[in-house]
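Let's walk through this structure together, with the place where two chains meet as our starting point.

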There are 4 protein chains.
Amino acid sequence: MIVVMEEGAPATQIAHVEEYLAEHGVRIHRVDGTTRTVLGLIGDVTTLDRSLIESFEGVYEVVKVSEPFKLANRKFKPEGTVVQVGDVRIGGDEVIVMAGPCSAESEEQVFAAAAAVKRAGAKIFRGGAFKPRSSPYSFQGLGEAGLKLLRTAANEHNMQLISEVMDLSQIDLLEKYVDILQVGARNMQNFTFLKELGKTRKPILLKRGMSATIQELLLSAEYILAGGNRDVILCERGIRTFENFTRNTLDISAIPVLKSLSHLPVVADPSHGTGIRDKVPPMARASVAAGADGLLIEVHHDPDRALCDGAQSLLPEQLKALTKDLKTIAAVLGRTFASSPLD
Amino acid sequence: MIVVMEEGAPATQIAHVEEYLAEHGVRIHRVDGTTRTVLGLIGDVTTLDRSLIESFEGVYEVVKVSEPFKLANRKFKPEGTVVQVGDVRIGGDEVIVMAGPCSAESEEQVFAAAAAVKRAGAKIFRGGAFKPRSSPYSFQGLGEAGLKLLRTAANEHNMQLISEVMDLSQIDLLEKYVDILQVGARNMQNFTFLKELGKTRKPILLKRGMSATIQELLLSAEYILAGGNRDVILCERGIRTFENFTRNTLDISAIPVLKSLSHLPVVADPSHGTGIRDKVPPMARASVAAGADGLLIEVHHDPDRALCDGAQSLLPEQLKALTKDLKTIAAVLGRTFASSPLD
Amino acid sequence: MIVVMEEGAPATQIAHVEEYLAEHGVRIHRVDGTTRTVLGLIGDVTTLDRSLIESFEGVYEVVKVSEPFKLANRKFKPEGTVVQVGDVRIGGDEVIVMAGPCSAESEEQVFAAAAAVKRAGAKIFRGGAFKPRSSPYSFQGLGEAGLKLLRTAANEHNMQLISEVMDLSQIDLLEKYVDILQVGARNMQNFTFLKELGKTRKPILLKRGMSATIQELLLSAEYILAGGNRDVILCERGIRTFENFTRNTLDISAIPVLKSLSHLPVVADPSHGTGIRDKVPPMARASVAAGADGLLIEVHHDPDRALCDGAQSLLPEQLKALTKDLKTIAAVLGRTFASSPLD
Amino acid sequence: MIVVMEEGAPATQIAHVEEYLAEHGVRIHRVDGTTRTVLGLIGDVTTLDRSLIESFEGVYEVVKVSEPFKLANRKFKPEGTVVQVGDVRIGGDEVIVMAGPCSAESEEQVFAAAAAVKRAGAKIFRGGAFKPRSSPYSFQGLGEAGLKLLRTAANEHNMQLISEVMDLSQIDLLEKYVDILQVGARNMQNFTFLKELGKTRKPILLKRGMSATIQELLLSAEYILAGGNRDVILCERGIRTFENFTRNTLDISAIPVLKSLSHLPVVADPSHGTGIRDKVPPMARASVAAGADGLLIEVHHDPDRALCDGAQSLLPEQLKALTKDLKTIAAVLGRTFASSPLD
């Protein structure tokens, strides 16, 4: 951390800052320039409050010279993390598709979806049992009955299962049924929840908040990692922008940026990222072309009758056509894709 | 709800929409114009998925013609709600100040703050015991020990107490100590939490999410109201914009807009809204001038040593000077302000 | 400017940076810390490209330690600038109202508006002759005929006149008729235009761009100041946010922030800032409460028949009622307001 | 257009709206529902002011049921427009690369860049002679001398030339030298300029404004088309979001959305879209995977010494490596890429 004083800041103001820093156990490397003084801080500065020091009289600016996230940092662990879920490896050479319906609605719908996405190359089955909805009057999910259906269908087709956990009160229940716990965008900064997730031993897929920065996403991952759970998958699912033709704006550039800053695997969710069925395939292709380790895609065999997110759900045959394209694009980046069922 | 078909949409597409709506128990008033057909829907449309119908072939647009929030709607209850907390009325003629430190840090600090804010005209004492922090390495609050200090200090000065509850697991604990439960911006769409808060009987102060729209804030209030708790106070605390000179951008216009759309009381938080001490007084004045029912202000007797939010905390004497201005501005709007201790 | 090297950056990378800086005539104060090297730059760094140096291998971050605007900076000129327009002083003790119709439409409308706003306390008459419209199919203004009407009406009521100039090709024409040249939000970064405005000798009212930061606004002012025109008035007119209940979000906090950073006068435009008639008065009050030097308000005697911006135009009697409130609020800040016609 | 009245709006309010519409030559199809009245408007509604009608008493909402852009609309012209520039076709089967330096700096630099980008497969040479810079103290370009260098280099390598025109005062000059006139993001809503460009007969590459919506971009294209120039190329170059790791956020989803809404060709600018050299290749791949008709890429043989945008300029060999990947991805979409020099 570097404290830059105002030009001509008087000695008393500089002394006040130095005293404060000394009280907090930080050593100071002081440089008196021709126009201003700069203090370089040595030691543990993680607990210092940058805004506070900036509010001291005579301080022009305080600059952090290291990222605030550590365990999630690629500098801390240069090789990429591979999250192993059963026989599926996320973050390795293979690009992984996680697909399924927005929510479990009925036995017929869940099993039809599972069969279809398996045929199209998906390795992981997705589906919701508890749904976060903006309005209290919208469909809220089947609850545990939905989890049972999803688990049975995943088993039948030899797929891993991912589903959203909405709150710390649901962790135990979800852990009984699923292989990956999904944390939704609205929960990205639910810190008590993140701490509890750090104590579980299931992989966590952490979605970026609707207006969160990349650094905030990594700090939220840090909460889970610091709790002891090292299997975190980051998910770009679209951010809020002024464009309202699409439901959100999928920030494709976040994929290569996250891959540089962190060792954690990165997947993209083009379904929520666009909210429009016929925009999902181009954005899925773009995500893989930009280096995504996987995709999260909503599929429904009869989307006009889906109880949620029908407008953005692919038909099974659309997923199948898409995965062929993805295989070629993955190869451009030296990666494999869904080796078995597709061939 | 109105479904507008594309120009020249064929009869089969119109029939598909009509069939779908009939299945969902909605009656249709159909108008065949010269260039396109429009379907007016009659009956309960709250469960219909607007995006889904828009994804049907031949549909140009679906228009909602009523707000999705009901219990929070001023049309539902034209007279303003007054939330009674002990002898304090929020939403009535008087403009209320809630003030105190960001977090409880020590007995000395809590009691000094309580005495100071009381002298300056505050009716409600604020202070945090559990702190939501972006980084897991920042100070996280004193927990229950902090709550005890805050309660004792509030009692000593005959003030009501407000403090943040971060999660449904903390509701029981907070209810034991505080008079108003504060829900932070990051929890505005934590829906399982909102449902639980609907079951409590303490007033809830609900902060607007960092990039939430006004409608989303009102839908979140709706979750609490629908659960049976009618004492909700809305709080504008700044939204995220591209401006980074201030920590957030306090959306003052949300105050009169919320007062039009809803009957619930509206307060503003200029401390988090700006993040800068010397910008708090002008924004506090502006909030009252725009019609706020109250203010939430951070105060610390030694902000340079505050464990959180020191940069935005007012000194007690600054609060005192500010409240004099607020009294005059409140009078312009025909309102009273802190009748007793100030005079 | 400070160049912070990566931890453990090798000597060759540091040498490359030093060499580059030396080529650009900058002296270096080098500090080799325990973990990293920091280079403090001495001399003229205004032409250095911060992003470029950050892209050099081994560079962690480049920090600018002075604002990029100079002539607009309050450090450069601590006392506030007062822009004198005829007998009106903007930026002095008095809070100034500029009011009038969105655009000149007819002789009757222009003269009715002028008489009404004068009675309500306006010192400056506003009105458009050339209108920037998102669609080529919307009303584009009366052109020079409109300017003549506006000038005659302003003269008749002894008011100064402000009107928008849309392009450098219009500067000469506008200069013939108006006292203050208004630059619209969409032109805030039209740099060839700003350079030309720097050569004029009429005061310029420069509106903040729809998603511009405060620093960008000040850099645009710098273009005009650097060209030799020192009479620049800054105008906050609302920024684009996710909230779409209001047309824009009036960033009231920009008012005190601009007053701190710059010596230039600051006015607010609550009409464009909200787009809704009944939200203009609360936001006008809030702007003055936050320290604005003036207001720009749209007024129309028959807004339902206005050719543009009718939805946000005040009726003359609404302006009159508002100005009474403003007078009291201005007094709270130690300022006067419209001393003559109101009394 | 549909005017939805409030529930229970009295007959006088409905009559006021009907009267207003009749005055504006619009016929009305009125539907009196059980709870509210809806007015369907028939005839030319392009000049009606939606916000104004919404401000009338008793009006709940006004809904536009057709896009405000016409000539740019794919419904108006279903087949895609191909812009022919010399022997290069933009919007056809082939994906086109436009590449070159940010600005012309010297003869050596311009010619080195031209040779390099030609070898890598570029069909169009790009380079700036007039540079829009946020600060008046930054390098502003070589002016006409730069244009001469760029033209000569483009001719020598048989490439077409694109360069930015900053203002209507520069149109004549630029037309003498370049094949495509580029309009920068900051000028997207400079309407007097757009009108003049409508009168030229050179193709226009129109960049999306930093916080413009897709509809606003198409309305700006409409200005040019309505003026008589039908050769408009749309360019996504990144929008402003809260993420500041990247310079802008390249909105890849705008590519397929623009291709659906409009018949105009769409290119992407991953250089400005990211601002970071090593993020340009993944975003270029993603753009083509999402359906872009071309790319605009900055290239410099010695980016550390570039006078602008060095941090985001590719080295010639990086462009060459990238174009190989693009060729494979283009084939996935059934498109060709740079048939000759690459093979």
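We begin with how to read the model, then turn to the interface and to a group of strands.

This is a predicted model, in which local features need pLDDT of at least 70 and side-chain atom pairs count only at pLDDT 80 or more, while totals for chains, interfaces and linings use all residues. Residues are numbered from 1 along each chain as its sequence is written, chains are lettered from A and ligands numbered from 1 in the order in which they are written, and side-chain values use heavy atoms, leaving out hydrogens and water.

Let's look at the interface. Chain A brings 53 residues into contact (heavy atoms within 4.5 Å) with 54 residues of chain B. Between them about 4,100 Å² is buried, 50% of it from carbon and sulfur atoms; this is the accessible area (1.4 Å probe) that the two parts lose on being put together, summed over both. A:Tyr137, A:Asp304 and A:Arg305 supply 16% of what chain A buries here, more than any other three residues.

Four salt bridges (a side-chain nitrogen of Lys or Arg within 4 Å of a carboxyl oxygen of Asp or Glu) cross this interface. One of them links B:Glu216 and A:Arg240, with the closest N and O atoms 2.5 Å apart.

Strand 3 pairs (at least two DSSP bridges) antiparallel with strand 1 over three bridges, and A:Val4 has A:Val38 as its bridge partner. Strand 2 also runs antiparallel to strand 3, joined by six bridges, and a hairpin of four residues connects strand 2 to strand 3.
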